[in-house]
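Hi,

Here is the structure I promised to pass on.

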Amino acid sequence: MSKIPNGYEVIQLFEQLAPKHLAMEGDKIGLQIGTLNKPIQTVMIALDVLEEVIDEAIEKDVDLIIAHHPPIFRPLKQVITDEAQGRILEKCMKHDIAIYAAHTNLDIANGGVNDWLAEALGLENVEVLVPTYEDKLKKLVVYVPETHAVAVREALGNAGAGHIGNYSHCTFNSRGIGTFLPQDGANPFIGETGKLEQVEEVRIETIFPASLQKKVISAMLKAHPYEEVAYDVYPLENKGNIFGLGRIGRLKAEMTLEQFAEHVKKALAVKAVRVVGNLNDIVKKVAVIGGDGNKYISHAKFSGADVYVTGDLYYHVAHDAMMMGLNVVDPGHNVEKVMKQGVARYLQEQFAKKKFHTKVYASEVNTDPFTFV
Ligand SMILES: [Zn+2]
């Protein structure tokens with residue numbers, strides 16, 4: 001049976017891709033306009049929230065827009081409907097359109113904007129360019145009666161515990177004797193009040209990323225038969241999963257900077273790119289940051305990239321790149337439009353799994369302010 005989800009259910013699925021805790025400090029993300037407390041029949045994905053995008057949403061009867069660039073970024077001082085910004089808010093209110101922004105969290109996410117760009121450029125052995133967040137690992141030890149060890153292990157694994165490399169559901173198990181004395185008021189699963197019990201138990205150990213702690217512990221408690229569950233959570237010194245801005249990877253075959261510039265135009269569907277560097281240089285290792293990556297030219301240089309792909313390159317930053325011997329290809333900020341198809345594809349898959357009857361559109365409005373003549 002298919003169902004119409006509400007906004008919270010839609011965003012919960014979306015945040016599995018781009019959790020909020022990945023966002024850079026001070027970024028304006030999350031629900032910005034309207035409410036999630038309503039049924040969502042139609043979602044539209046947009047890079048920028050321009051008035052034309054809102055008009056498209058009205059025409060398509062959209063309930064929720066997921067946008068990459070937050071429509072409200074600086075403090076809003078007034079809402080004047082003679083201006084586009086004011087009319088955007090007015091139209092959203094009138095037509096009950098909610099806007100949710102996923103900005104740097106979607107850039108940083110595993111399988112987010114920068115991975116889509118790296119994929120479009122055909123990069124291999126892709127790694128994070130600028131680490132911003134480490135999801136530390138923790139260890140869980142829980143004591144379970146043997147009858148329920150299988151169920152608890154399965155619940156832990158399904159909640160995301162025990163992932164090591166390409167293996168899931170990793171645990172270690174040892175048998176032992178648990179003891180307990182149910183006190184007055186207890187409702188023991190095994191034994192009776194006032195009598196010291198000894199039970200064959202399994203000590204299950206597993207690791208999990210700290211970001212999943214709530215989910216893992218609650219799944220474990222749900223599968224565990226005891227009224228009071230004995231478990232320990234330990235912080236670990238192991239290296240956690242690294243998240244960050246931008247990606248670095250290798251082209252399948254080396255090429256000249258000039259050929260690479262042509263490759264970028266084709267791969268990211270832009271009419272022109274700006275290039276810093278000697279067009280005859282050979283490039284193989286490529287760093288990429290969608291949007292404005294001016295701040296990270298040194299990261300690109302020190303990571304050993306032969307060329308750095310990013311948008312909005314400033315004149316003086318281009319000089320800096322030249323002086324440090326870093327080639328740059330600037331295809332513009334609008335290449336982040338890959339997020340429209342990327343998020344739409346992701347949500348369609350998730351909705352299909354959940355049998356949610358919600359349409360997903362990628363906005364068709366071209367929001368690139370520049371024309372090349
Ligand atoms: Zn951007």
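Below are my notes on the metal site, a sheet with its helices, the salt bridges and one more helix.

Some housekeeping first. This is a predicted model, so local features need pLDDT of at least 70 and side-chain atom pairs count only at pLDDT 80 or more, while totals for chains, interfaces and linings use all residues. Residues are numbered from 1 along each chain as its sequence is written, and side-chain values use heavy atoms, with hydrogens and water left out.

Zinc site. The zinc ion takes its protein donors from His 69 (NE2), His 333 (NE2) and Glu 336 (OE), at 2.0 to 2.2 Å. Donors here are N, O and S atoms within 2.8 Å of the metal (3.2 Å for Na, K and Ca); water is not among the atoms, so the site may look incomplete. Along the sequence the donor residues follow the spacing H-x263-H-x2-E. Glu 336 is buried at 2% relative accessibility, whereas His 333 is partly exposed at 24%. (Buried is under 20% relative accessible area, exposed over 50%, partly exposed in between, with a 1.4 Å probe and protein chains only.)

The sheet. Five strands form an open sheet in the order E1-E4-E3-E2-E15, with mixed pairing. Helices (H or I, at least four residues) and strands (E, at least two) are DSSP runs numbered from the N terminus, and two strands pair if DSSP finds at least two bridges between them. The edges are E1 (30–33) and E15 (359–362), each pairing on one side only. From one strand to the next, the twist averages 25°. E2 and E3 (residues 64–67) run parallel and are joined by four bridges; Ala 46 has Ala 67 in E3 as its bridge partner.

Two helices sit on this sheet. H11 (residues 338–354) packs on the sheet, touching E2, E3 and E15, with its direction at about 155° to that of E2. H2 lies across E2, E3, E4 (98–101) and E15, running at about 160° to E2. For these angles, axes are lines fitted to C-alpha atoms, for helices over the stretch in contact, and values run from 0 to 180 degrees between N-to-C directions.

Thr 42 belongs to E2 (residues 42–46) and is buried at 3% relative accessibility. Beyond four places in sequence, its contacts (heavy atoms within 4.5 Å) include Lys 60, Val 62, Leu 64 and Tyr 361.

Salt bridges. There are 18 in the structure, each a side-chain nitrogen of Lys or Arg within 4 Å of a carboxyl oxygen of Asp or Glu. One of them joins Arg 87 and Glu 51 at 2.8 Å, N to O. That pair links distant parts of the chain, with Arg 87 in H3 (residues 84–94) and Glu 51 in H2 (residues 51–59), 36 residues apart. Glu 51 is buried at 16%, while Arg 87 is partly exposed at 25%.

Helix H8. In H8 (residues 257–267), Leu 257, Phe 260, Ala 261 and Val 264 are buried. Seen down the axis, the buried residues of H8 fall within an arc of 105°, so they line one face of the helix; the arc is that of the directions from the helix axis to the C-beta atoms. Their cover includes E10 (241–256) and E12 (282–292). Just after H8, Ala 269 has a positive phi of about 55°.

Cheers
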